[in-house]
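Dear colleague,

I am passing on the structure that I said I would send, and my notes on it follow directly below. Please read them with the coordinates open beside you.

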Amino acid sequence: MNEPKPLIIGTAAFHSGEMGVVELPIGSLTGYQPVTINIHIRRGKRPGPVLLLTAGIHGDELIGVEILRRILQSRGFQNLRGDLIIVPVVCMPAFLNRNRYLPDRRDLNRLFPGHPDGSLGSRLAHTFLQEVVARCTHSIDFHGGAIGRPNLPQIRISPNDAEAAAMAMAFKPPVVIQTGLREGSLRHQLRNRDIPAILFEGGEALRITSDSVRYGLRGVFSVMRHLGMLPKQRKVIEPATRTVFAKSTTWVRAPQGGLMIPLIDLGKAIVPGTKLGIIADPFGRHETVIHSEYEGIIIGITREGHADEGDALFHIATTPDPQDAEAHIQRSDEILEEHTDPLG
Ligand SMILES: [Zn+2]
């Protein structure tokens, strides 16, 4: 029988059952420091899907970096079928700057497919697609909310992608949202290449919060089982939860400037008329109660007490039966508490 093909990334070749690291050179910074992408490979002994796990496309979103760090530490891959390509920090210049964007203030996730003679970010995007994305069959990309704007753990998928929808359900997040594709994003390129892709959003920028990390870790292992990369669990612990599907989301904005006093939190159900918060004149003269016009679940919220008129305050996934969904979200949190170690 012929030896299966090695997995080649840059100048490195990995054979079945091998693991290792590749540093792909991209360019250099003002201080002459090299810019590279650090890529970790875990190859199973048997062929199967090639799952790409990425985080740090935005340099201040750390939840995914922590999730992938924990996966790199896992010893649970003796029976791995297929391969894992793990990139905890895609955009190292942004990560070092503790910033969402590249040093030239561009967003890497608007620069795909990139160009070999473009800006630093454009070169990075180009090399990443050619050397890494071209090798994978499935993808999970990790993101988080902005600074002071945490997200409920959620999976985003593109419309009309049945395989990605199945991966999203296997991930078992509280909420799955179907969203359109943005020009220049990694997800757009994955779609062009017919690679089923899901995008995780959880927590907020610059912070590592344990609930989002736990959801993410459990989700990756669960998707790997769904894809046949890991053996099915002997004792299946089926959470009595249902993932909420939402086809649209909307932001509630500050009706006027003032102090923002929230009256609701992430994961809570709302219906038309639910009090979401109060915008108050700091001098005690006026208060405006913000009532919901929608039926849904709070999936994003501002933690800031300052609000200028028009500031985004509450992100809502519109869904019928939000009360039911809230109960499921609560139940799913309890299940995570009971089974804290998805690696076990
Ligand atoms: Zn992001």
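This is a predicted model: local features need pLDDT of at least 70, side-chain atom pairs count only at pLDDT 80 or more; totals for chains, interfaces and linings use all residues.

Residues are numbered from 1 along each chain as its sequence is written.

Domains

The domain assignment, which is of the automatic or database kind, gives domain 1 (7-226) and domain 2 (248-332). The C-alpha centres of domain 1 and domain 2 lie 31 Å apart. Ten residues from domain 1 and 13 residues from domain 2 take part in the contact between them, where two residues are in contact if their C-beta atoms, placed from the backbone, lie within 7 Å. On the side of domain 1 that touches domain 2, the elements giving two or more residues are β8 (151-157) and β9 (175-178); helices (H or I, at least four residues) and strands (E, at least two) are DSSP runs, numbered from the N terminus. β8 gives the most to that side, with three residues. By class, that side of domain 1 has five nonpolar, four polar and one charged residue, with Ala, Val, Leu, Ile, Met, Phe, Trp, Tyr, Cys and Pro counted as nonpolar, Asp, Glu, Lys and Arg as charged, and the others, Gly among them, as polar.

Helix packing

Two packed helices are described by the angle between their axes and the distance between the axes. Here the axes are lines fitted to C-alpha atoms, for helices over the stretch in contact, and angles run from 0 to 180 degrees between N-to-C directions.

Helix α1 (residues 63-73) has I63, G64, V65, E66, I67, L68 and I71 as its buried residues, a residue being buried if 20 or more other C-beta atoms lie within 10 Å of its own, exposed if 12 or fewer, and partly exposed in between, with C-beta atoms placed from the backbone. These buried residues of α1 pack against β5 (46-54), β6 (81-87), β7 (138-145), β10 (197-204) and α6. The axes of α1 and α6 are 9 Å apart, and the two helices pack at an angle of about 50°. They are therefore oblique to each other, given that angles under 35 degrees count as roughly parallel, over 145 as roughly antiparallel, 65 to 115 as roughly perpendicular and the rest as oblique. α1 passes α6 in a right-handed crossing, the convention being that a crossing is left-handed if the near helix is turned anticlockwise from the far one by less than a right angle, and right-handed if clockwise. In this contact, I63, G64, E66, I67, R70 and I71 of α1 meet S212, V213, G216, L217 and V220 of α6, and the residues divide into six nonpolar, three polar and two charged.

Helix α4 (residues 162-171) also packs with helix α6 (residues 210-226), their axes coming within 8 Å and crossing at roughly 130°. α4 and α6 are therefore oblique to each other, and α4 passes α6 in a right-handed crossing. A166, M167, A170 and F171 of α4 make the contact with G219, S222, V223 and H226 of α6, with five nonpolar, three polar and no charged residues.

Backbone geometry

Most residues other than glycine have a negative phi, and most peptide bonds are trans. In this model, a cis peptide bond joins F112 and P113, with omega about 10°, and P113 is found in the loop between α2 and α3. That loop between α2 and α3 is also the place of R105, which has a positive phi of about 70° although it is not a glycine; R105 is exposed, with 9 other C-beta atoms within 10 Å. K172, in the loop between α4 and β9, likewise has a positive phi, near 55°, but K172 is buried, with 23 other C-beta atoms within 10 Å.

Two further residues

N99 sits in the loop between α2 (92-96) and α3 (120-131), and is partly exposed, with 17 other C-beta atoms within 10 Å. Leaving aside neighbours within four places in sequence, N99 is in contact with G59, D60 and A94. N99 and D60 are 39 residues apart in sequence, yet 4.9 Å apart in space, C-alpha to C-alpha.

H306, in strand β18 (residues 306-307), is partly exposed, with 13 other C-beta atoms within 10 Å.

With best regards
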